[in-house]
Amino acid sequence: MNVLVLNGSPKAEKSNTLNITKAFLEGFPEGTKIEHVNLYKMNIKPCVGCFSCWSKTPGKCIIKDEMQELYPKIEAADIVIESFPLYFFGMPSQIKAMTDRCLPFMLPYMGNLVEDKNASFHELRDEKMHKKRLVVISTCGYVDTKPMFPALLKELDLICGEGHYTAILCPEGELFIAEKAKRQREGYLAEIRKAGAEFAHNRALSAETMERISKPILSPKGFEAITLAHWEQKSK
Ligand SMILES: Cc1cc2nc3c(=O)[nH]c(=O)nc-3n(C[C@H](O)[C@H](O)[C@H](O)COP(=O)(O)O)c2cc1C
């Protein structure tokens, strides 16, 4: 089993989100081949919208940068994990740039409306890509994921088709670095490890697991107290 982790936090190794991603991977069986890529350390230029990948060079992007090294890694992975913070209700810019550059994986769009909500808006060029699993792991700074993530989820639904990806969305992201929240986050990360084992086995997470890992780690009051102390310390 090949797993490709795309770290889309500009904080790279210091990412809050990466704590969850690492715990999720700890649940995978021994022998799993895991490759980590820090997208913010790579030279990935924005898509220029030339549509060469749909015309002159079908399936190939003409921009010569480090995305060319990423295409074969994405193709070879059985599971792609995107790990990133929520920025203004959506994906951060480097993840968006990488996503736009995935247009060569899609077939040209001929203006047809996709009625099936389970289908991706753009059909995949290669059938083999359907077997790949996408896991999106994201943290946000708010106490509740519900008002924060609808725009990102809608975008992912349209890109992948509803139900064709797994999203692990975690509130209270700053808890992953706050000294005082160590005990609480350990409990949460233990649940995430179990979820990783379940995903490695079933390539999906049950509704019960999703419910367990979607609960806020602290109450709004508890989160407020811990984050206030954390920001005070950070401002010194
Ligand atoms: C530019 C920027 C925009 C953000 N936008 C949101 C947001 O819309 N909603 C939210 O709850 N948190 C938002 N946050 C907070 C981050 O999502 C949160 O701190 C996250 O845990 C950081 O993860 P990372 O350490 O993996 O980068 C934002 C942070 C930054 C720097």
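Which residue in β2 does Leu6 stand opposite? Leu6 stands opposite Val37 in β2.

The model is predicted, and local features need pLDDT of at least 70, side-chain atom pairs count only at pLDDT 80 or more, and totals for chains, interfaces and linings use all residues. Residues are numbered from 1 along each chain as its sequence is written.

**View 1. An open sheet of five strands in the order β2-β1-β3-β4-β5.** The pairing in this sheet is parallel, where two strands pair if DSSP finds at least two bridges between them, and where helices (H or I, at least four residues) and strands (E, at least two) are DSSP runs numbered from the N terminus. β2 (33–38) and β5 (166–170) stand at the edges, each with a single partner strand, so one side of each is left without a neighbour in the sheet. Neighbouring strands are turned by 15° against each other on average, direction ignored; axes are lines fitted to C-alpha atoms, for helices over the stretch in contact, and angles run from 0 to 180 degrees between N-to-C directions.

**View 2. The pairing of β1 with β2.** Strand β1, residues 2–7, is joined to β2 in the parallel sense over six bridges.

**View 3. The packing of α5 against α6.** Helix α5 (residues 182–202) and helix α6 (residues 207–214) pack at an angle of about 155°, with their axes 10 Å apart, and are therefore roughly antiparallel to each other (angles under 35 degrees count as roughly parallel, over 145 as roughly antiparallel, 65 to 115 as roughly perpendicular and the rest as oblique). From α5, Glu191, Ile192, Ala195 and Glu198 meet Thr209, Arg212 and Ile213 in α6, contact being defined by C-beta atoms, placed from the backbone, that lie within 7 Å.

**View 4. The packing of α1 against α5.** Helix α1 (residues 16–26) packs with α5 at an angle of about 50°, with their axes 6 Å apart, and the two are therefore oblique to each other.

Key:
Contact = placed C-beta atoms within 7 Å.
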